[in-house]
Amino acid sequence: MGKSLIYKILESHLVEGNLVAGEDIGIKIDQTLTQDALGTMAYLEFETLGLDRVTTLSVSYVDHNTLQDGFENADDHKYLQDVANKYGIYYSKAGNGICHQVHVERFACPGQTLVGSDSHTPTSGSLGMFAMGVGGMDVAASMAGKPFHLVCPRVINIKLIGSLPRMCAAKDIVLKVLSILTTKGNVGTALEYTGEGAATLTVPQRATITNMGAEMGVTTSIFESDEKTKEFLKSQGREEVWKPFVADIDAEYDEVIVINLDELVPMVACPHSPDNVKTVAEMNQIDIDQVLVGSCTNSSYHDLMVVAAMLKGRKINPNVSFGVAPGSRQVLEMIAKNGALADIVASGARILESTCGFCVGCGQAPRTKSISLRTNNRNYEGRSGTKSALVHLVSAETAVASALTGKFTDPRTLDVDISHIELPEIYDIDDSMIIKPMCNHQVTILRGPNIGEPPTNTMMPEHFTAKVAIKVGDKITTDHIMPAGPYLKFRSNVPVYSNYTFCHVKPDFANICKSNVANGIFNVIVAHESYGQGSSREHAALCPMYLGVKAVIAKSIERIHMDNLVNFGILPLFLENESDYELLDENDELLFNMSNDEFRRGIFTIKNNTKGVTYNLKTPLNNRQKEIVKAGGKLNFFKNGGK
Ligand code: SF4
């Protein structure tokens, strides 16, 4: 039986374990990326490992929070540049673009492996790369040359047939996939896109699709490396890294989903989840207030040329605030030179910096109770910065059509021809904002007052008492746990950032945790399904760890967050019994027995002193992960000689 593309890459990088779905494997990592929101912590962690330089091709991007409304971000950027200089890391300056778009343009290579401290790292799967979002601690370990451990995924083949109809876009394909697979229940799964329809898509279109695999919680998404890949790499002056990389003709998959592109229509993900998908036609001309084009999902050269062509000679509806954030400086420069930017500006658009910005709640918060259409990938409640706003996710085509009319508008109803827009034969190549690694050991790393030390944990005690500090429901995202936006600037200072843990869900959470710890009692988080959805923000584990959280009890936990919990010595426990969730309440006092025997069995008996009942809770961790939790996290595990 033939092999999938994913298994071919895993096989060529395998250093530990067997390629059997569900088993723990260790793979060699070729490349790493970080962004500023998680980068500082990843590099602080790397520094504690005591190496002279990184062993991987590594890139440090500054794209998430470039607002300089205080010293904090500027301090972080300087720290990141000094670390890059000292340890042999490329440094992509603020303004050079969003990490995933720039990585696809300038670094991603077919057949290689990439881990990035950002959940949308699988965007580079558009070039036939095995790319995964992970926590900063795992990036630090990979830069140090340690194998990256993951659950060998089951692979779903998404077979695309037909071709995209007029005014339908790659975004509509991935929203269709989201409507099928949803945002829950895909842990341990990878998506492999093949078929004649896949072959018609350009690399930037493929990047939109692999990018939003993150919303489904899959391990990664990948396209084959074919002639389209070669064309793109050639246009970026990187043809030499191209190699053909395809699945065997008789490749075996765990599941096959066929999508006929001919039947596709413009789609929209409605509030507050990317899988709440409807057709644009169903939105029935509802009035809108704000439209934003940008983010790592839809701000490629092609996206912006479509935007410009649709806007040329037209004006944005007076009731709509319309903003455009080009995904990279390369693209911004190109549309500035060819006149497309002038058409966008003339329509009444606001031109935003080439950063994540509005996508991560740093600017462009919509007005109260407004309807915002965005081309990015997440529409979680409050992520825009305005809790009452209703954020809808759409393609660039739908975004512009709606911005022109002031209402949800199916772009197929517009009399515009965009079929002539093609990718350039050669992109403008200027890497002057990517500072080459110097590996200069004489560099003194400047640490402003915003840069703290990475906090460490203690070993897991054998017996302890803990209180339920918070009880939450389904689909709690890392944004709920550690909000971004204005709080993001505290990312390098855990004692300060931890004060905002769950601040929009339970404002006194941090104080409750601190008071319990002062009384010799640890803390526990109780959640239901799909806890820790969304970003790879390791602060969502690190800050709770700092506040004395020892365990998360849930029905299910998302992959990256589960790894982050383990990395910081927090034990994930699963409720086997639905009714156990109902029997746990905030402030309940729980007695934990964490003996070696319980760790070995993976079943923990926990007594609820408040209710007088006992539960059996199961951990999904493998033996290596259990050792990491017992050690109090990965840094301690490595210090004790763990591999
Ligand atoms: Fe940046 Fe948004 Fe993409 Fe995250 S999802 S990398 S915040 S643009």
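This is a predicted model: local features need pLDDT of at least 70, side-chain atom pairs count only at pLDDT 80 or more; totals for chains, interfaces and linings use all residues.
Biologist: Is Met-167 buried or exposed?

Modeller: Met-167 is found in the loop between β9 (154–161) and α6 (170–181), and although Met-167 is not a glycine, its phi is positive, at about 65 degrees. The cut-off for a buried residue is under 20% relative accessible area. Met-167 has a relative accessibility of 3%, and therefore counts as buried.

Biologist: How does Thr-182 count by its relative accessibility?

Modeller: Thr-182 lies in the loop between α6 and β10 (189–194), and its phi, near 60 degrees, is a positive value in a residue other than glycine. Values between the buried limit of 20% and the exposed limit of 50% define the intermediate class. Because its relative accessibility is 28%, Thr-182 counts as partly exposed.

Biologist: What is the handedness of the crossover from β9 through α6 to β10?

Modeller: The two strands, β9 and β10, pair in the parallel sense over 6 bridges, and within this pairing Ile-156 stands opposite Leu-191 in β10. The chain passes from β9 through α6 to β10, and this β-α-β crossover is right-handed.

Biologist: Which residue in β12 is the bridge partner of Lys-159?

Modeller: β9 also pairs with strand β12 (residues 255–260), in the parallel sense and over 6 bridges. In β12, the partner of Lys-159 across the bridge is Val-258.

Biologist: Why do the buried residues of α17 line one face of the helix, and within what arc do they fall?

Modeller: In helix α17 (residues 509–518), the buried residues are Phe-509, Ala-510, Cys-513 and Asn-516. Seen down the axis of α17, these buried residues line one face of the helix because they fall within an arc of 130 degrees.

Biologist: How far apart are the end C-alpha atoms over residues 520–577?

Modeller: α17 is followed by Gly-520, whose phi is positive, near 75 degrees. An unreviewed UniProt entry annotates residues 520–577 as "domain: Aconitase A/isopropylmalate dehydratase small subunit swivel". Over residues 520–577 the chain is 29% helix and 26% strand, and its end C-alpha atoms are apart by 29 Å.

Key. Residues are numbered from 1 along each chain as its sequence is written. Side-chain values use heavy atoms; hydrogens and water are left out. Buried means under 20% relative accessible area, exposed over 50%, partly exposed in between (1.4 Å probe, protein chains only). Helices (H or I, at least four residues) and strands (E, at least two) are DSSP runs, numbered from the N terminus. The arc is that of the directions from the helix axis to the C-beta atoms. UniProt positions are given in the numbering used here, feature names are shortened, and annotations may be inferred rather than shown by experiment. Two strands pair if DSSP finds at least two bridges between them. A crossover is right-handed if, with the strands pointing away from the viewer, the path from the first strand over the helix to the second runs clockwise.
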